[in-house]
Amino acid sequence: MASTKALVGVSPIYARILSLFPADINFCFAYGSGVVKQSGSNAKNSKMIDMIFAVNDSLTWHRQNMEMNPNHYSFLKWLGEGSVAAYQDHWGAKVYFNTLVPIPSENVMIKYGVVSQTALVSDLLDWSELYLAGRLHKPVMVVRPTSDSELRSALQKNLHSAIHCALLLLPEHFTEKLLYKTIIELSYKGDFRMIIGEDKNKVNNILDPQFELLQEIYRPILKSLHDYVDVQESGLCCQDPGTLAKLHHLNQLPRTPQRALVRFWNRGCGNLRQDTEDVLRAVAHDPDCSSILQSRIQEIVWASSVRQSLKGILTAGIFKSIQYSAQKIKKMLASTRQIQ
């Protein structure tokens with residue numbers, strides 16, 4: 001899997017953590033500064049390990065997990081596994097997080113999100129939320145690989161979509177570093193947590209120490225697009241700025257951004273609405289193509305980040321929500337002081 005081949009040698013701690021949960025986890029990855037190196041993080045400080053569990057049957061998984069780990073849940077557990085599974089699958093970004101969960105045997109704290117495999121595939125292919133899809137644009141550590149061909153294909157398609165989208169947002173000439181920065185920003189620009197609660201240096205903190213990992217992920221894809229973009233060993237890049245090239249990239253975008261472009265283009269048109277093919281052709285000819293697309297991506301990210309954050313207040317509980325938010329704001333203020 002291109003998104004993870006650079007992160008080998010998974011620590012046994014992750015297998016031990018997984019053994020504390022129900023076995024029906026088809027795919028698991030860990031992410032964030034506690035897993036993949038980021039600038040500005042202090043290795044001496046204990047970090048939270050962030051993990052995502054993709055499961056087949058959310059209701060069954062939560063029922064088993066409530067029996068094994070009842071203390072992980074907020075008051076929502078008293079509503080039963082059916083309500084928890086429904087809350088996961090139908091609200092926010094379709095992920096249910098339990099946060100600030102202590103693992104005494106490993107002397108670590110974890111935050112884990114549960115998502116149905118169906119919802120994960122949808123986000124990867126369509127960018128319906130651009131939430132987990134955005135996390136998987138960046139290097140992660142795969143703790144449990146998937147054997148499911150549909151999910152494997154969706155993981156790879158998500159990376160290709162990121163390249164097509166980034167190229168539409170970039171000028172004719174750019175650097176490889178700017179390309180990866182643009183990809184990282186896809187799921188951060190528009191995220192309301194970047195206004196309050198997130199490290200202001202977040203993008204560069206990821207970009208600088210993970211640059212070689214990003215190269216391992218994306219250079220094979222870039223080579224397959226040699227008709228549209230040239231990446232030199234020096235890191236200088238040049239892409240075809242023509243309308244046909246833009247139209248190709250627009251046609252390769254996931255369904256949700258395409259639909260957002262169609263809604264934007266047809267606003268106020270009444271019965272003279274254009275279909276997707278005509279709209280994408282028109283956008284490709286528009287000199288403001290990149291800014292139009294950027295705004296649509298930000299709208300998707302804004303909506304999912306707001307809904308998921310509000311959802312997190314209930315899944316974490318009031319006390320843990322305040323505690324977790326305070327930690328985030330502390331990091332944000334520290335990064336703001338560094339910028340100043």
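Is Tyr73 buried or exposed? In this predicted model, Tyr73 has a relative accessible area of 6%. Buried means under 20%, so Tyr73 is buried.

Now look at its ring partner. The structure holds eleven aromatic pairs. In one of them, the rings of Tyr73 and Tyr96 have their centres 5.9 Å apart. Their planes stand at 40°, so this pair is tilted. The two residues come from distant parts of the chain, 23 residues apart. Tyr73 sits in the loop between α2 (58-68) and α3 (81-90). Tyr96 belongs to strand β3, residues 96-103. Tyr96 is buried too, at 0% relative accessibility.

Other rings join up as a group. Phe21, Phe53, Trp61 and Tyr112 form a cluster linked by ring pairs.

Charges also meet rings. Lys111 lies over the face of Phe97, 4.6 Å from the ring centre. Lys138 lies over the face of Tyr188, also at 4.6 Å from the ring centre.

Turn next to a helix pair. Two packed helices are described by the angle between their axes and the distance between the axes. Helix α7 (residues 176-185) packs against helix α9 (residues 211-224) at about 95°, and the axes are 11 Å apart. That angle makes α7 roughly perpendicular to α9. From α7, the contact uses Glu176, Lys177, Leu179, Tyr180, Ile183 and Ile184. From α9, it uses Phe211, Leu214, Gln215, Tyr218, Arg219 and Leu222. By class, this contact of α7 with α9 has eight nonpolar, one polar and three charged residues.

Definitions and conventions. Residues are numbered from 1 along each chain as its sequence is written. This is a predicted model: local features need pLDDT of at least 70, side-chain atom pairs count only at pLDDT 80 or more; totals for chains, interfaces and linings use all residues. Side-chain values use heavy atoms; hydrogens and water are left out. Axes are lines fitted to C-alpha atoms, for helices over the stretch in contact, and angles run from 0 to 180 degrees between N-to-C directions. Helices (H or I, at least four residues) and strands (E, at least two) are DSSP runs, numbered from the N terminus. Angles under 35 degrees count as roughly parallel, over 145 as roughly antiparallel, 65 to 115 as roughly perpendicular and the rest as oblique. Contact means heavy atoms within 4.5 Å. Ala, Val, Leu, Ile, Met, Phe, Trp, Tyr, Cys and Pro count as nonpolar, Asp, Glu, Lys and Arg as charged, and the others, Gly among them, as polar. Rings of Phe, Tyr and Trp (its six-membered ring) pair if their centres lie within 6.5 Å; planes under 30 degrees apart count as stacked, over 60 as edge-to-face and the rest as tilted. Buried means under 20% relative accessible area, exposed over 50%, partly exposed in between (1.4 Å probe, protein chains only). A charge sits over a ring if NZ of Lys or CZ of Arg is within 6 Å of the ring centre and within 35 degrees of the ring normal.
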